[in-house]
Amino acid sequence: MRPKWDNLFWYQRASDEGKEQLENNTTKGFLKVLQESDNRLTDSFLKQFLGLAFEDAKFEYDTQVGLNEIPTSEHSVHLAGLSFAGENVARESDPRSGDGTVDGVVTVHSENVPTSIVIEVKTERDRLSLTQMGKYRGELGLTDDELCHGVSWLDIYELLENYRERTKNDIDRFLLEEFTDYLELMRMVPFRGFDRDKLSGSGVGEYRKTMLRGVDQANPGIFSQALYESRGNYDLGNFTATSNQRSREVHLVDSEELENGIFQRLRHFSAGFWHPAKFSVQLYIPNRIVSNIVRRGSSELKPEFKRVMLDALSELDGIEFTREDNPFYYLRYQRNIQQANDRERQTTTFHADSVIYMPGVDKASITDRLGVIGRAVRETTDANIGHEKSFVIEKQIPYGSDLIEKKELVDWTLEYFQTLLPVYEYFAE
């Protein structure tokens with residue numbers, strides 16, 4: 001079964017009108033995890049996020065509870081909003097009247113007066129409503145702001161993840177892992193890294209699509225969403241994230257160029273799993289680049305091209321990416337070849353030449369290797385056997401790198417793209 005459908009908490013929605021159903025199912029899943037796990041997990045949730053501590057408490061868990069069913073005169077009541085942002089919207093809302101149904105209630109029975117924790121859930125990147133939370137405050141009689149709370153799904157994710165790492169109960173570990181996976185699939189937590197086991201498992205294709213899907217599509221992947229949200233921190237704010245139909249990779253493309261041009265002809269940055277065991281990021285420069293690299297009629301590099309490339313590659317030297325097994329960079333000139341007897345536009349791509357750059361290489365060696373690119377450009381151009389030419393600068397992370405499993409992969413990727421911005425701009429048409 002594909003990873004998405006294999007997840008215990010995943011279900012299929014008929015349309016975007018199923019937001020309410022999605023919230024109901026997410027609430028049920030979260031409360032079921034608390035109910036079936038050791039009571040210490042619920043204790044931790046209440047203490048860490050609501051500041052409530054109980055001795056020898058027993059818990060009841062209910063979903064879809066009417067406001068009029070909550071015994072406010074007999075119970076102490078708290079209101080908690082669970083959302084991506086974790087904002088305490090209830091505290092900012094004005095109490096008002098109205099009826100309604102809350103997503104869930106955790107009732108705590110201890111030596112003191114019973115306590116009802118009223119829970120309202122928002123899924124994906126949706127925000128809690130001031131109007132809705134104000135109605136809950138009014139009907140529950142919550143005049144004290146201290147009885148109102150906001151909790152992010154990321155905080156909950158980390159709570160469940162930490163408990164899963166400590167518990168010895170196999171069932172608890174299974175439920176917790178399934179629910180944290182669900183939060184990632186639903187983009188309800190920021191990107192946390194790729195699961196190495198899933199990248200090498202039978203459902204790797206679907207997993208890649210789910211995690212890498214471009215944000216221009218109806219259901220963006222969590223990695224592409226993270227790139228999109230953080231791009232402004234790296235001078236990439238005018239870029240938008242998109243993907244190809246297979247969604248095996250994410251592209252950052254200038255928004256204006258994408259709106260007015262054909263994607264295949266645009267300069268862009270890409271990130272994804274193009275090779276079975278490696279994560280790659282690259283700057284892709286398509287079409288009409290010969291004059292930008294070499295002098296007319298020769299294979300000698302243009303001085304400006306050499307300067308731009310040396311500056312960019314030397315800048316990469318000071319960035320520590322992956323401990324001692326620092327990966328290498330490919331400077332690659334490639335070309336689509338019109339094959340004999342093939343139909344129009346049926347082409348294949350091959351490497352005219354490759355140059356490997358590793359941090360620590362001196363400028364003289366880099367210059368010599370760039371010269372190989374110059375010769376490759378001229379030779380393939382003189383061959384006059386094709387029309388689509390591109391220049392690629394690529395960086396790969398070894399599959400064994402711990403970075404693949406960490407959220408820092410987003411910053412690492414964007415930092416690399418930022419370093420190559422001068423090269424991107426150099427190839428402007």
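User: Is Phe179 buried or exposed?
Analyst: Phe179 is buried, because its relative accessible area is 0%, where buried means under 20%, exposed over 50% and partly exposed in between, with a 1.4 Å probe and protein chains only. Please note that this is a predicted model, in which local features need pLDDT of at least 70, side-chain atom pairs count only at pLDDT 80 or more, and totals for chains, interfaces and linings use all residues. Residues are numbered from 1 along each chain as its sequence is written, and side-chain values use heavy atoms, with hydrogens and water left out.

User: Which aromatic residue does Phe179 pair with?
Analyst: Phe179 forms an aromatic pair with Trp153, 6.4 Å centre to centre with 55° between the planes, and this pair is tilted. Rings of Phe, Tyr and Trp (its six-membered ring) pair if their centres lie within 6.5 Å, and planes under 30 degrees apart count as stacked, over 60 as edge-to-face and the rest as tilted. Trp153 sits in helix α6 (residues 153–166) and Phe179 in helix α7 (residues 170–185), 26 residues apart; helices here are DSSP runs of H or I with at least four residues, strands are runs of E with at least two, and both are numbered from the N terminus.

User: And where does Trp153 stand on burial, buried or exposed?
Analyst: Trp153 counts as buried because its relative accessibility is 0%. Trp153 is also among the residues that touch the most other members of the largest nonpolar core, which has 99 residues. A nonpolar core is a set of buried Ala, Val, Leu, Ile, Met, Phe, Trp, Tyr and Cys residues joined through side-chain atoms within 4.5 Å.

User: Which helix gives the most to that core?
Analyst: Helix α13 (residues 303–316) does, with seven residues. A second, separate core of 16 residues includes Ile70, Val102, Leu128 and Cys148.

User: What does Phe194 touch?
Analyst: Not counting residues up to four places away in sequence, Phe194 touches several residues, including Phe223, Phe273, Phe279 and Leu409, where contact means heavy atoms within 4.5 Å. Phe194 also belongs to one aromatic cluster, together with residues including Phe223, Phe239, Trp412 and Tyr424.

User: Switching topic, where is Thr115, and why does it count as buried?
Analyst: Thr115 is in strand β4 (residues 115–121), and Thr115 counts as buried because its relative accessibility is 6%. Leaving aside neighbours within four places in sequence, Thr115 is in contact with Phe54, Ser76, His78, Val106, Thr107 and Val108.
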